[in-house]
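Hello,

Here is the structure I said I would pass on. Please look through it before reading my notes below.

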Amino acid sequence: MQTERTASQAMRKKAVRKKANHAGKVIKVESMGGKRRLHETTVFIHKIPPSLSTNILYYTMGKAKKQGGKPRSRQKKPSPEIYTSRYGDFFCRPRGKRSPAAKYASIRRRKPPAISQKGDVPKTMFIKQDADHFAAIYIHIPFCLRKCNYCDFVSYPATADSPLFHPYIDSLLAEWRLWQRQGDFSRCHSIYIGGGTPSLLPAAEISRLLQFLPPAAEITLEANPETVTEEKLFRWRQGGINRLSLGAQSFNRGLLQAMGRGHDGKQTQQAVAAARQAGFDNLGLDLIYGLPGQTLAGWQADLAQALALQPQHLSLYGLSLSPETPWGRLAAQGRLAPAEEDQAAAMLAYAIDALEKAGLKQYEIANFAQPGRESRHNQVYWRRENYLGLGAAACSCAGNRRFANHQSLADYWQAVKQGRLPLAEEEYLSPQQVLGEAMFLGLRLIQGIDQQAFAQRYGIRPDQYYGPALEKLKKNGLLQEEGSWLRLTRRGLFLANRVFVEFV
Ligand code: SF4
């Protein structure tokens, strides 16, 4: 430990020197789990070269104070607003750069950091950063038949016989070969092929990709009902895919058309039946609530139709609009009105009770599953484990390092072709930021955060570090403590953003 500490100290000093050179640079980053939104946001980032990545980040508050009078992470940083996304990830925008869509997104202004009073924070804090080991791989397939009216994920239009697919898989494999030399994937237990519309690709391309990836207990493919065929399903299953995530979104024809989706409810039902025939026994459906024009009765009907298909997993996403989308622009002009907050909350409340009765247990704010069928992949995000994103616009998290690939296909292709990692952006989080992230991601899980395990991993218990903030949240009925566990109350589930801002 002593050697590690000395080595880390040396690295930290070097990092501080290099950091000073890069501090204040503005780059753009925005991520949602493994995938990135098309819309970018400006944040201040301290860039440190990747060579300084370390397994244990050693941080001494006292020393940081000597260099600037304040801990580094609190020096001259713009105070950001925080958004929580439907995938539980987050992105920040400096105060003063308020988005025109702010009114329509789930935005909360940031309060001063809820750090314990001076003296409560230990002088020395260790954060274990197992930065080389990845628990999951996310693969982004950025192609869709058309763009849905509410979507701001990075995806490009393509037809089912697009000549882009083959070279894109070639590039993914080339990128994977680069990473294979750098990371440890021996404990990787989940591969998630998302998009975009991965089911648009020929099954042979998906199989070609999977052949070279490490084996994983859970291999998920996102599919849109109109692109699913019996043959594809059979070949996906043969190729090792054992979990299907189907973008149903709604069963209401009018709502689906308004959203710009390319399928109807019947196609979803047919896709589920065909998937069962092909041997998929782990199938999830995505639904959206809070849509313009959607009533509580309409939402109840959607849930009933989804439950009739007996999915193992249901993800329920409240609509949130970005200004870059057609619906976001209409909303900004006052020509489209998503459901009121109260109505959206009533829809979620109804869903929680109805799904519990149907045997789908809520295990995360927006996710429900039969026992044992919880998504392994998404839990990697919420537990703040390391994941590697491959493909254009894919995002990754490794210890305190977050990085993202080029969004543009041309830039992505060029980098990989030249034997370079196609990184467009990277960010190194301070220990405080890592703790905050671990808090608001972990609290998304219904079981909450085990404070003892948290202390073993991060060197400090949440109640030691966030004491006053936790007390306030408990007093307001948003948080509860049971033994070592800290979790949201039922009220806290509906006001989660109010809780999460305390940790940013
Ligand atoms: S299919 Fe999915 S990724 Fe593609 S445009 Fe629609 S919502 Fe976005």
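How many residues lie between E23 and E24 in the hairpin that they form? There are two, and Gly-483 in the turn has a positive phi of about 60°. Strand names of this kind, and the helix names further down, refer to DSSP runs numbered from the N terminus, with helices being H or I of at least four residues and strands being E of at least two.

Before the rest, two notes on the source. This is a predicted model, in which local features need pLDDT of at least 70 and side-chain atom pairs count only at pLDDT 80 or more, while totals for chains, interfaces and linings use all residues. Residues are numbered from 1 along each chain as its sequence is written.

Three strands make an open sheet in the order E22-E24-E23, with antiparallel pairing (two strands pair if DSSP finds at least two bridges between them). E22 (449-450) and E23 (479-482) are the edge strands, each pairing on one side only. Four bridges join E23 to E24 (residues 485-488); Gln-480 has Arg-487 as its bridge partner in E24, and Glu-482 stands opposite Trp-485. Between E22 and E24 there are two bridges, and Ile-449 is partnered with Leu-486.

Of the 504 residues of the protein chain, 45% count as buried. The chain has 18 helices and 24 strands.

Next, a helix pair. The axes of H4 (residues 203-212) and H5 (residues 230-238) come within 9 Å and cross at roughly 10°, the axes being lines fitted to C-alpha atoms over the stretch in contact, with angles from 0 to 180 degrees between N-to-C directions. H4 is therefore roughly parallel to H5 (angles under 35 degrees count as such). Ala-203, Ile-206 and Ser-207 in H4 meet Glu-231, Lys-232, Arg-235 and Trp-236 in H5, where contact means C-beta atoms, placed from the backbone, within 7 Å.

Last, the ligand. Residues around the ligand include Cys-144, Lys-147, Cys-148, Cys-151 and Phe-153, with a residue counted if its C-beta atom, placed from the backbone, lies within 6 Å.

Regards

Technical notes
Parallel < 35°, antiparallel > 145°, perpendicular 65-115°, else oblique. Contact = placed C-beta atoms within 7 Å. Buried ≥ 20, exposed ≤ 12 C-beta atoms within 10 Å, placed from the backbone.
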